[in-house]
Amino acid sequence: MNSSARCVAACAAWICLLSVLAPAAGYMTRYECATFDGMVAGNNLTVADDEPDKVNFFCKEHVNYTAACDMDIDPALGFNPSCNNTFAIQVFSNFQRALSVYSCREYSRIWTCDNCTVSYKRWLCAALYRRCKHSNPSEGSCESNFSRTNDKALPDCVMKTCQDVCYDVVRKCPVHLEFRCPPQNDLREYNLTDCNNLMRPQPASGSGNRLAGASLLFLPVLLALLKARG
């Protein structure tokens with residue numbers, strides 16, 4: 001088995017393993033809402049092509065809103081992936097490496113690898129840059145010490161991601177990547193309406209009924225991709 005195949009096999013194994021785990025309860029978080037300009041300037045990023053001394057903002061075409069960033073280290077990962085441009089770039093690079101093993105045309109006559117890549121990047125940006133319900137941080141604040149439970153995964157200041165953002169990846173990417181989404185009735189991190197669709201038109205009610213998946217924990221999936229590097 002070549003290195004690319006081993007990478008994909010490792011990713012698939014991790015995703016299958018982690019898909020059956022429940023989200024960790026009692027995980028304390030401290031969210032703060034950051035404007036688009038604040039995130040770009042505060043992290044010395046750029047959205048232009050003529051600033052070679054700065055790193056390009058990876059999610060610039062999707063995240064043009066105020067984001068709710070978790071300011072604490074995720075104890076399961078050992079670092080903070082929230083609103084993390086470097087982490088987004090690393091994860092996407094590993095995803096492209098895994099995808100390169102497959103011929104997307106053999107998987108689907110409709111969707112190409114480009115379609116898959118666009119959908120995955122959209123989901124990744126939604127997962128790492130959750131939308132704050134307050135477009136202006138001065139309009140309201142997040143709970144100072146939100147404790148994640150099995151019933152409530154996000155504080156009230158965070159807008160849930162539209163379920164179709166996740167399902168779009170399932171539809172358009174090769175099944176061998178084993179990308180999973182939560183079941184349609186699991187709305188702890190996703191929603192059908194009144195949700196973050198990354199500036200696309202809101203999905204019609206019930207649009208998530210077409211597909212069902214098995215995993216809520218997007219961050220362990222991202223970590224699995226990183227672990228498979230090399």
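Reader: Is arginine 188 buried, exposed or partly exposed?
Author: First, the ground rules: this is a predicted model, where local features need pLDDT of at least 70 and side-chain atom pairs count only at pLDDT 80 or more, while totals for chains, interfaces and linings use all residues. Residues are numbered from 1 along each chain as its sequence is written, and side-chain values use heavy atoms, leaving out hydrogens and water. Buried means under 20% relative accessible area, exposed over 50%, and partly exposed in between (1.4 Å probe, protein chains only). Arginine 188, at 21%, therefore counts as partly exposed.

Reader: Which residue forms a salt bridge with arginine 188?
Author: Side chains of opposite charge can pair when their charged atoms come close. A salt bridge is a side-chain nitrogen of Lys or Arg within 4 Å of a carboxyl oxygen of Asp or Glu. Here the partner of arginine 188 is aspartate 186, with the closest N and O atoms 2.7 Å apart. Aspartate 186 counts as buried because its relative accessibility is 13%.

Reader: How many salt bridges does the structure hold?
Author: There are 12. One of them joins arginine 130 to glutamate 189, and both of these residues are buried.

Reader: Which residues touch the most other members of the largest nonpolar core?
Author: In soluble globular proteins, nonpolar side chains tend to be buried together. A nonpolar core is a set of buried Ala, Val, Leu, Ile, Met, Phe, Trp, Tyr and Cys residues joined through side-chain atoms within 4.5 Å. In the largest core, of 41 residues, those touching the most other members are Phe57, Val63, Phe95, Tyr120, Trp123, Leu124 and Tyr129.
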